[in-house]
Every structure is written in structure tokens, then in C-alpha cells.
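Me: I'm new to this one and would like to walk through it slowly. Can you show me the model before we talk?

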Amino acid sequence: MPIPMKKILFIFSALLLCSCGGEKKEPVPAHVLAHDQMVKLLKDMHIAEGESGIRTMENINDPAGDTVNYQEIFKKNGIQKWQYDSSMMYYSTRPELLNEIYDQVISELEDGKKSVGK
């Protein structure tokens with residue numbers, strides 16, 4: 001007895017829907033900073049780099065004016081340089097995750113810029 005076409009179509013549709021369950025995100029390894037930690041850290045780093053650039057322009061003859069103390073930024077965020085380095089290595093091999101992080105960094109920096117301008 002042949003299987004009705006409606007049953008075949010139903011089974012095929014059900015299998016197709018089950019297989020399209022979406023991408024499963026792999027868990028971030030323990031040695032890698034979480035998304036929110038990376039956003040906060042990168043935001044702090046870019047603010048410090050911007051401030052350093054302003055100091056350099058204001059004090060063109062002061063070589064100490066153009067340095068960013070990354071160790072202080074790491075300390076403020078409760079991390080060590082190796083954690084930053086390994087996290088950047090991890091996220092650099094996953095550009096979609098790094099783009100998500102930087103989209104949020106840019107958004108938060110723009111929000112901060114708007115609040116300063118008020």
C-alpha cells in the first residue's frame with residue numbers, strides 16, 4: 001500500500017523544521033573574558049586612548065603625555081594582561097562575536113558622547 005503524498009510531505013516538513021533549530025552558541029572558555037567584560041574593557045581602553053591623543057595634541061613637547069597606562073585599565077577591570085591577550089585571540093578567530101562586542105562598544109561610546117554634550 002503506497003504512502004499518501006500528504007504523509008510524506010508532513011514528515012519531510014517536520015524533519016526540516018526540527019533541523020532548523022538555529023545555531024547553538026558554543027560556550028566561551030573559562031580563560032576568555034565574557035562578552036560584557038570585553039565591552040567594558042575595550043570601552044575603557046578606547047576612552048583612555050582618546051584622552052591620550054588629546055593630551056598629546058595639547059602638550060606636543062611632552063613625550064609622557066601620549067602614553068596609555070593599560071596596566072591601570074586592566075587593574076580597574078580586575079583582569080591581567082594575559083586574560084586580555086587570550087580573549088582577543090579567541091574573539092579574533094570569531095569575527096561575528098567580535099563584531100557584536102564592538103557594536104556594543106561603539107553604541108556605549110556614542111551614548112557617553114551624547115550625555116557629555118548635554
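Reply: Here it is, and since this is a predicted model, the surface figure I can start with is a computed one: the protein chain exposes about 9300 Å², of which carbon and sulfur atoms supply 62%.

Me: And what percentage of the residues count as buried?

Reply: Of the 118 residues in the protein chain, 23% count as buried.

Me: How many helices and strands does the chain have?

Reply: The protein chain has 5 helices and 0 strands, so that, by the DSSP runs used here, the elements from the N terminus on read α-α-α-α-α.

Me: Which helix has the lowest mean pLDDT, and which the highest?

Reply: Helix H1, residues 5-19, has the lowest mean pLDDT among the elements, at 54, whereas H4 has the highest, at 97. For the protein chain overall the average is 81, with 65% of the residues scoring at least 70. As a caution, where pLDDT is low, the predicted coordinates should not be read in detail.

Me: OK, on to the inside. Which residues have the most contacts in the largest nonpolar core?

Reply: That core has 19 residues, and those with the most contacts inside it are Met38, Leu41, Leu42, Tyr84, Tyr91 and Ile101. The elements that each give two or more residues to this core are helix H2 (35-58), helix H3 (70-76), helix H4 (81-92) and helix H5 (95-116), and the largest share, 6 residues, comes from H2. In general, nonpolar side chains tend to be buried together in soluble globular proteins.

Me: Let's take Leu42, then. What does Leu42 touch?

Reply: If residues up to four places away in sequence are not counted, Leu42 touches Tyr84, Met88, Ile101, Tyr102 and Val105.

Me: Is Met88 buried or exposed?

Reply: Met88, which is found in helix H4, counts as buried because its relative accessibility is 18%, and the cut-off for buried is under 20%. Leaving aside neighbours within four places in sequence, Met88 is in contact with Met38, Leu42 and Leu98. Met88 and Val32 are also 56 residues apart in sequence, yet their C-alpha atoms are 8.4 Å apart in space.

Me: What about contacts across the whole chain, how many join residues 24 or more positions apart?

Reply: Of the contacts in the protein chain with a separation of 6 or more, 74% are between residues 24 or more positions apart.

Me: Changing topic: how many salt bridges are there?

Reply: The count comes to 5 salt bridges. One of them joins Arg94 and Glu26, with the closest N and O atoms 3.5 Å apart. Arg94 lies in the loop between H4 and H5 and Glu26 in the loop between H1 and H2, so this pair ties together parts that are 68 residues apart in sequence. Glu26 itself is partly exposed, with a relative accessible area of 49%.

Me: Which residue forms a salt bridge with Asp44?

Reply: Lys40 does, with the closest N and O atoms 3.3 Å apart, and both residues lie in helix H2, 4 residues apart, or about one turn of the helix. Asp44 is buried, at a relative accessible area of 12%, while Lys40 is partly exposed at 41%.

Me: And where does Lys76 come in?

Reply: The side chains of Lys76 and Asp44 also meet in a salt bridge, at 3.5 Å from N to O. Lys76 lies in helix H3 and Asp44 in helix H2, so the pair ties together parts 32 residues apart in sequence. Lys76 counts as exposed, at 58% relative accessibility, and salt bridges that share partners join Lys40, Asp44 and Lys76 into one network.

Technical notes. Residues numbered from 1 in each chain as written. Predicted model: local features only at pLDDT ≥ 70, side-chain atom pairs only at ≥ 80, totals over all residues. Heavy atoms only, no water. Core = buried A, V, L, I, M, F, W, Y, C linked by side-chain atoms within 4.5 Å. Buried < 20%, exposed > 50% of the residue type's maximum accessible area, 1.4 Å probe, protein only. Contact = heavy atoms within 4.5 Å. pLDDT = per-residue confidence, 0-100. Areas by Shrake-Rupley, 256 points an atom, 1.4 Å probe, with all protein chains shown as cover. Salt bridge = Lys/Arg side-chain N within 4 Å of Asp/Glu carboxyl O.
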